[in-house]
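Dear colleague,

My findings on it follow directly after.

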Amino acid sequence: MESKRLAGSWTRGRFEDRKPVSVVDIGSNSVRLVVYEGATRSPTPLFNEKALCGLGRSVAATGKLEGQAVERALAALARFRALSHQLGAGKPWVMATAAVRDAENGAGFLAEIEKATDAKVMLLSGNREAELAAAGIQSGFHEPDGIVGDLGGGSLELADFTPERLQRSITLPLGGLRLLQRSAGNMARAEKLIDDDLRSIAWVKRGAGRPLYAVGGTWRNIAKLHMEERRYPLHVTHGYRLKAAEAIAFSEVIARGKKLRNTDLGRVSGARREVVPLGALVLSRLVERLGASEVVFSVHGIREGLLYTLLAKGEKARDPLIAFCQDYAVLRSRSPLHGEELCRWTDALFTSPGPAETPEERRLRHAACLLSDISWRAHPDYRGEQSLDVIARAALSGVDHPGRAFLALAVYFRHVGDGGEREGKSDRLFELVSRAGIARARIVGSAVRAVHMLSAGAAGIIGRTPVAYEGDRLVLRIPGELAVLDGERLRKRFAVLAELLGRKAEVRVEA
């Protein structure tokens with residue numbers, strides 16, 4: 001007999017108060033649907049599907065969308081409409097970009113799109129596309145500041161932005177499919193076309209010494225190839241960074257068809273493989289032209305940018321990492337409120353005369369506290385390992401890879417204690433974190449591990465058991481009404497924490 005608990009449409013792993021939002025992006029190479037759980041500061045996809053239709057393949061050569069590509073796109077869009085309805089999102093937000101706006105028969109295709117999706121289509125100008133790409137970076141990173149480049153099949157959008165606002169933007173005919181047609185596949189000619197078009201960036205000096213945020217499937221594939229080439233411990237594209245010189249050198253290897261040691265272009269899907277060398281050439285020339293400091297790869301683009309524009313001002317102002325962790329704590333921990341209490345309890349450990357921390361280190365510590373109990377349902381022997389896997393590979397935004405590894409290791413230490421540095425899967429994550437960062441992860445993990453001996457994961461306790469520095473001691477005060485919670489395991493774990501902080505431990509039970 002079916003359990004009443006299983007009779008609902010959705011599990012309790014979902015937020016019931018969020019209405020799904022469906023976004024369809026009709027690009028020059030692919031047509032994609034993403035249905036998000038809701039319009040939030042840290043949006044989570046419920047469903048993601050793309051169809052590689054190649055709408056822009058013939059536009060540069062003939063000026064028109066090719067018939068078979070149109071048919072494939074319309075079939076995909078009809079499917080996407082049905083999926084959006086199934087997931088409770090209603091009518092999708094539909095965006096069309098370079099291929100449709102540049103094609104002679106684009107207007108007729110727009111009418112067919114609206115019929116297939118039962119939704120109004122936003123035909124984005126190049127500048128609007130650049131604005132949404134910049135909004136996508138604001139969605140996916142914490143206080144970003146730099147140049148965003150969104151490379152599609154038909155065009156390259158560039159935007160100069162600060163945390164406060166978009167400064168300026170430009171669109172160039174350097175999308176992979178467009179460049180393939182313009183150059184007839186000749187790399188020397190393609191390089192000249194790229195350099196000629198990049199000279200039109202009047203504000204090019206604004207890129208000097210600043211990051212280039214790289215958006216688009218072609219550039220993400222280059223990031224994945226680089227990860228495989230260097231045997232990188234995390235296969236997470238978002239937030240992956242390359243110094244400018246390394247980005248240029250690797251892009252040149254791809255563009256010139258030179259052999260790689262550990263991977264090859266065969267790892268890229270066939271429909272995109274032919275444009276990856278051209279995308280690499282664009283990246284190389286762009287980084288050099290801008291004088292960028294580094295390349296930061298992003299999975300957030302115009303779809304996430306659109307969602308970001310729908311948010312209220314207060315929601316936009318939230319930290320995307322903390323927003324994700326708070327949501328995840330609600331879905332996976334025993335008590336989300338306890339995670340918030342841990343943030344405040346551990347604040348005392350990082351005030352003078354304790355270890356100093358930067359604002360970035362503080363937000364990472366708070367994120368670790370919020371995530372510290374997400375594996376409580378796992379077998380006790382595997383909670384550390386499960387936390388490590390889940391956090392290191394979670395759909396986090398607003399954090400770089402060293403920060404991601406710090407969070408995973410802090411929660412790992414919270415479960416395994418101070419003796420698990422080189423156990424199994426934790427080993428390679430240590431490569432991404434500095435020695436000081438590892439030491440901090442140990443302290444945070446040890447603090448949570450100790451104080452759980454008081455709270456057992458329940459809220460309302462540790463706010464009454466403050467910790468403070470007194471000379472060479474780290475003192476934990478337990479009020480008389482909670483004296484029964486004192487015990488050997490608590491004192492043992494608290495002594496480990498005190499030792500990591502260079503102090504002697506004292507548990508003071510007050511009358």
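Two strands are taken to pair if DSSP finds at least two bridges between them. The model is a predicted one, and by this criterion strand β13 (residues 473–478) pairs with strand β14 (residues 504–509): the two run parallel and are joined by six bridges. Within this pairing, Leu 476 stands opposite Val 507 in β14.

Strands β12 and β13 form a hairpin with two residues between them. In the turn, Gly 471 has a positive phi of about 65°.

I then turned to the cysteines. How many disulfides does the structure hold? There are zero. A disulfide requires a pair of cysteine sulfur atoms within 2.5 Å. For Cys 343, the closest cysteine sulfur is that of Cys 369, and because the distance is 4.7 Å, the two are too far apart for a bond.

Are Cys 343 and Cys 53 buried or exposed? Buried means under 20% relative accessible area. Cys 343 has a relative accessible area of 5% and is therefore buried. Cys 53, at 3% relative accessibility, likewise counts as buried.

With kind regards

How values were computed:
Residues are numbered from 1 along each chain as its sequence is written. This is a predicted model: local features need pLDDT of at least 70, side-chain atom pairs count only at pLDDT 80 or more; totals for chains, interfaces and linings use all residues. Side-chain values use heavy atoms; hydrogens and water are left out. Helices (H or I, at least four residues) and strands (E, at least two) are DSSP runs, numbered from the N terminus. Buried means under 20% relative accessible area, exposed over 50%, partly exposed in between (1.4 Å probe, protein chains only).
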